[in-house]
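Subject: Structure handover

Hello,

Here is the structure you asked for. My notes follow below it.

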Amino acid sequence: MKLICVGRNYTKHIEELKNDRPDAPVIFMKPDSSLGQPGQPFFIPDFSSDIHHEVEVLVRINRIGKHIQTKFAHKYYDQIGLGLDFTARDVQLDLKNKGLPWEKAKAFDGAAHVGKWFDKTKWSDGKNFNFHLNKNGETVQQDSTANMIWAIDELISYISTYFTLKIGDVIFTGTPSGVGRVTRGDVLTGILEGEQAFEVNVR
Ligand code: ZN
């Protein structure tokens, strides 16, 4: 399975990192070895002194598909979750400045955390989800998928023009503003529509 991630999908987050607004979704991937084990802490790697939390709504693909049209994209997932795209921001900045790929900053061991899955029809219209991230009990990131530049169905269509989507693949749909550094001892809690999706201890 693969983890496909979207960058720069919320306007306020683009502004906080002083990035340009893209004219197409920014896509990158994480390997399955980047997945943190459920219930295990996140360990800050030695090669970074600026690991950021990025809370993101996740979509789990349940049918194989390629060249999926936006209007049919809803048939390719029935579960929604919340996860963390841990990012070594210092490493990423260096790579970005050199015009190099981001993998060392985004795809290292433990850099992806996938929380609990929920049936997408559990709430409202199955499209717009409110979510937030608490760090040590204080809300640091909060938004709704209604504020995405590219909606989930548009992302699935766009991604599938390049990569065949397979059962079990997970899409990280981008982070809202409020990203920030994690330090040892932090507790990160993700809440999707009032339900706790994950709790991760930082070590
Ligand atoms: Zn991200």
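E56 counts as buried because its relative accessibility is 0%, and E54 counts as buried because its value is 4%. Buried stands for under 20% relative accessible area, exposed for over 50% and partly exposed for anything in between, with a 1.4 Å probe and protein chains only.

This is a predicted model: local features need pLDDT of at least 70 and side-chain atom pairs count only at pLDDT 80 or more, while totals for chains, interfaces and linings use all residues. Residues are numbered from 1 along each chain as its sequence is written, and side-chain values use heavy atoms, with hydrogens and water left out.

Zinc site. E54 (OE), E56 (OE) and D85 (OD) are the protein donors of the zinc ion, at 1.9 to 2.1 Å from it. Their spacing along the chain is E-x1-E-x28-D. Donors are N, O and S atoms within 2.8 Å of the metal (3.2 Å for Na, K and Ca); water is not among the atoms, so sites may look incomplete.

Helices (H or I, at least four residues) and strands (E, at least two) are DSSP runs numbered from the N terminus.

L188. This residue lies in strand β12 (residues 187–192) and counts as buried because its relative accessibility is 0%. Beyond four places in sequence, the contacts of L188 (heavy atoms within 4.5 Å) include H53, L84, F86 and V200.

Regards
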